[in-house]
Amino acid sequence: MVDTPAPVLVLLRDDYRVADNPALHAACATGQPILCAYVQDAALQNTSATRIAGWAQAACAQLASSLQAHGVTLFMLCGPTRLSVPALAQAVNATDVFWNRRYDAPGIAADTDVHASLKKQGMTVHSCTGRLLFEPWAIRTQAGQPYRVFTAWWRAAQNLPEPPPPLPAPDMRGKGYVPAAPLTLPQGVHLGRVGTQMPPLPPGWTSGEKAAHANLHQFMENALPHYATQRDRADVAHGTSQLSPYIRVGQISVRQIWHAIRHAQQRNPQLTTDAEKFLAELGWRDFAWMQMFTTPDLATRNLRPEFNHMPWRTHAADMAAWQQGQTGFPLVDAGMRQLARTGWMHNRVRMVVASFLTKHLLTDWQKGERWFYAQLIDADAAVNAMNWQWGAGTGIDAAPWFRIFNPVGQSEKYDPTGQYIRTWVPELAALDNKTIHTPWKSTQRLAYPAPIVDLKLGRQRALDCWKNLPKHQ
Ligand code: FAD
């Protein structure tokens, strides 16, 4: 009788792709059978009430289909990570365990414990780099401290070697491992197969590695040549890449994007300004994760402590109007309705609605952060928290509090044709390009709310409260 060689275990978490997946690639390179598992750990994935949970489930189902096409089954391992992973590895007699590193504090803590248990069991752990362009500890000031300013951090990042080129999809033929008999696992731990049936998705989105790459190529063809000048224009459909949901679940890697953009730039040097601007945006994502790595409570603490004394308002009706896109300010409402319908919002509009909530409505940014996290299909713990702190002026390298966006001025500047508002606030569609930004000036009867706040008074209230913070007394 020929002995089946011992398998290696590959853990998949928010890296639901076959190509440029360093953990999967390295596992396949061992030549041993591979057991691929997604770990469902309720304690680490407390996202059941969020849209991102559905989007991630779809990505997992897509990956299960892709792996199946290569003859590999994607298993779902349910149970606490610390218990379930060592138990599964032991039960199948795995020699090695592979994963792509994660950078959130609970994930790091769980992986550190699992690593120690596996080592005790005599197994080798391979923790690979697959999520970021640069490791969060790779770029430090001369004094060895984390950078606090993006431009300085980005300059330092550009002095490092470029991120390594993406890996091809590995050859998985004949490598899929399926346990021959039901496994004996501890109580509370179950192993099943990930289903390939897709959950319903918000309109306009297609899940999958293929869809992610199609988006990237369309973006490079059509929008990259104008990215630096048009990325802020809400009325330009597809003026940005709309890759964030795919990046969030790892259906495309930032290294793949980085090198595709670099190749385009090499082929056409005229793209340089736009390409550099776009790569810097990807850099902001890394910068957010560097912040989350060094400040794990980024989503729950004002990084500028004087804001602990801000007399935030709690006003249920204002909050509901903001959430439902019924504030009476067309750009704000268009953004919030785009979010509600599609799970995504244009970046410029995210900045405007965040400023409006925190400043004109004087609402704690953490409430906005949580609402966004529940609604976005690109909801990213670090990126969302950093951007909310940026907008509210409570973070490092943030916009100062006194920079208060005027939602009307922003609307006129970034939706000059009114096309964005017409798409998401159809009750204003008949207004001309000027009045559409200030419908309260229209003589027409409109089924649209009056503004919930006087912009001048709201702005003054925000400035007064800020001036009275302890630091300014
Ligand atoms: P593009 O302009 O095509 O940019 C390419 C990629 O660069 C994006 O996919 C994203 O990965 C990265 N990027 C772009 N802008 C930023 C930024 N400001 N900060 C960090 N990375 C950036 N983005 C998320 O992915 N998840 C979030 O939860 C999230 N929450 C946000 C909350 C607020 C209040 C604000 C103002 C911004 C938030 N962003 C978030 C950042 C940004 O709005 C989105 O990344 C962007 O709109 C996604 O669209 P895109 O892929 O077309 O971007």
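Predicted model: local features only at pLDDT ≥ 70, side-chain atom pairs only at ≥ 80, totals over all residues.
**Ligand shell**
- Of the 27 residues around the ligand, those that come nearest are Thr240, Ser241, Asn347, Asn384 and Asn387.
- Two or more residues of the shell are supplied by each of helix 8 (244-248), helix 10, helix 13 (347-360) and helix 15 (381-392).
- Sorted by class, the shell consists of twelve nonpolar, eight polar and seven charged residues.

**Helix 9 with helix 10**
- The axes of helix 9 (residues 254-267) and helix 10 (residues 272-294) come within 10 Å and cross at roughly 170°, which makes helix 9 roughly antiparallel to helix 10, since angles over 145 degrees are counted that way.
- Helix 9 makes this contact through Val254, Ile257, Trp258, Ile261, Ala264 and Gln265, while helix 10 uses Thr272, Ala275, Phe278, Leu279, Leu282 and Arg285.
- Nine of the residues in the contact of helix 9 with helix 10 are nonpolar, two are polar and one is charged.

**Helix 5 with helix 10**
- Helix 5 (residues 150-158) packs against helix 10 at an angle of about 105°, with their axes 11 Å apart, and the two helices are therefore roughly perpendicular to each other.
- Phe150, Trp153, Trp154 and Ala157 of helix 5 form the contact with Ala280, Gly283, Trp284 and Phe287 of helix 10.
- The contact of helix 5 with helix 10 comprises seven nonpolar residues, one polar residue and no charged ones.

Methods:
Residues numbered from 1 in each chain as written. Axes fitted to C-alpha atoms, helices over the stretch in contact; angles between N-to-C directions. Helix = DSSP H or I, 4+ residues; strand = E, 2+ residues; numbered from the N terminus. Parallel < 35°, antiparallel > 145°, perpendicular 65-115°, else oblique. Contact = placed C-beta atoms within 7 Å. Nonpolar A, V, L, I, M, F, W, Y, C, P; charged D, E, K, R; others polar. Near = placed C-beta within 6 Å.
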